[in-house]
Each structure stands twice: as C-alpha cells, then as structure tokens.
Amino acid sequence: MENDDVRMALNRHWAASDANDFESEHDIYREDAVLDYPQSRERIRGRRNIQSSRAAQPNRKRFAVRRMIGVGDLWITEFILTYDERPFHTVSIMEFLDGKVAHETQYFGDPFEPGPSRAQWVERMP
C-alpha cells in the first residue's frame, strides 16, 4: 500500500470516527486486528470486538486530527478526542499489514496548565 493510499484511508477512518459511522470507521482494520490501551491495561482482539466496544461507549465524542505522520506500515496520528466536551490529547500508533491495520495502540493525555518555572518561554497553543 502506497503512503498516499494509507493517508487517504486514515482520513476516511478519522472522518468516520468523528461522524460516529462505526461501520466505515472500522473498515481500516484487519479481522484479526489488536487494539491496546496501555494506560488502562486493556487489549481488544478482533475488528468486530473493537467496533462493538466503541459503539457501546455512551459518551458523545468528537475527533479533531492535528497531524498524521508515517511511512510504509507505521503511521501515527495525533488528535484531540473530546468526550462530552472534555478534550483528551491522544496519539494513535497504527501498524499496517497487507493494507489494513493489524495493531493499534492509543495513548490519552489530560490537559494541564503550564508550570510557572517555564512561563517566560511559553506560547499558548490553540
């Protein structure tokens, strides 16, 4: 799979995620895909199980992609995932095999205020 094809597939994936289109959102995964959430020590095996776990999530969610970088079979997406108006800075690491995601790991970070010790060098980001 060419880099442009992967980028287009990722764009479709994140747009479907934002639209709560669970069927289209999970087209990107292999049937035997694995999803890891290291912070909660959860692993979900299988595309249908990944899709079902996300569809069962009761929160309203929105996805705002900040950037995607990658080459070949390894792609990283940095995005803001907002659950019920609360933003989480999120990183998704996707490993592709035969054109589909075989393994994804997602990391979530709560926002925090900058420390006063570095205030003179800080520029606030949007």
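**Aromatic pairs, core and salt bridges**

The structure has 5 aromatic pairs, counted where ring centres of Phe, Tyr or Trp (its six-membered ring) lie within 6.5 Å. Planes under 30 degrees apart count as stacked, over 60 as edge-to-face, and the rest as tilted. This is a predicted model, where local features need pLDDT of at least 70, side-chain atom pairs count only at pLDDT 80 or more, and totals for chains, interfaces and linings use all residues. Residues are numbered from 1 along each chain as its sequence is written, and side-chain values use heavy atoms, with hydrogens and water left out. Helices (H or I, at least four residues) and strands (E, at least two) are DSSP runs, numbered from the N terminus.

**Aromatic cluster**

- Trp14 and Phe63 make a tilted pair, 5.9 Å centre to centre with 40° between the planes.
- That pair links distant parts of the chain: Trp14 sits in helix 1 and Phe63 in strand 3, 49 residues apart.
- Trp14 is buried at 4% relative accessible area, and Phe63 is buried at 14%. Buried means under 20%, exposed over 50%, and partly exposed in between (1.4 Å probe, protein chains only).
- Phe63 also pairs with Phe79; the ring centres are 5.6 Å apart and the planes stand at 35°, so this pair is tilted.
- Because Phe63 lies in strand 3 and Phe79 in strand 4, the pair ties together parts 16 residues apart in sequence.
- Phe79 is buried, as is Phe63.
- Trp14, Phe63 and Phe79 form one aromatic cluster.

**Nonpolar core**

- The largest nonpolar core holds 19 residues. Such a core is a set of buried Ala, Val, Leu, Ile, Met, Phe, Trp, Tyr and Cys residues joined through side-chain atoms within 4.5 Å.
- Leu10, Trp14, Ile28, Tyr29, Met94, Phe96 and Val101 touch the most other members.
- Helix 1 (3–18), strand 1, strand 3 (61–71), strand 4 and strand 5 each give two or more residues to this core.
- Leaving aside neighbours within four places in sequence, Ile28 contacts Ala9, Leu10, His13, Phe96, Lys100 and Val101. Contact means heavy atoms within 4.5 Å.
- In soluble globular proteins, nonpolar side chains tend to be buried together.

**Strand pairing**

- Strand 5 and strand 6 pair in the antiparallel sense over 9 bridges. Two strands pair if DSSP finds at least two bridges between them.
- Phe96 stands opposite Val101 in strand 6.
- The hairpin of strand 5 and strand 6 has 2 residues between the strands, and Asp98 there takes a positive phi near 55°.
- Strand 1 and strand 6 run parallel, joined by 4 bridges.
- Leu35 stands opposite Glu104 in strand 6.

**Salt bridges**

- The count comes to 12 salt bridges. Each is a side-chain nitrogen of Lys or Arg within 4 Å of a carboxyl oxygen of Asp or Glu.
- Arg48 bridges Glu23, with the closest N and O atoms 3.5 Å apart.
- Arg48 lies in helix 3 (residues 47–55) and Glu23 in helix 2 (residues 22–25), so this bridge ties together parts 25 residues apart in sequence.
- Arg48 is partly exposed at 41% relative accessibility, and Glu23 is partly exposed at 41%.
- Arg30 bridges Asp32, the closest N and O atoms being 2.9 Å apart. Asp32 is partly exposed at 48%.
- Arg30 also bridges Asp98, with the closest N and O atoms 3.7 Å apart.
- Asp98 lies in the loop between strand 5 (86–97) and strand 6 (100–109), and Arg30 in strand 1 (residues 29–37), 68 residues apart.
- Asp98 is exposed at 68%.
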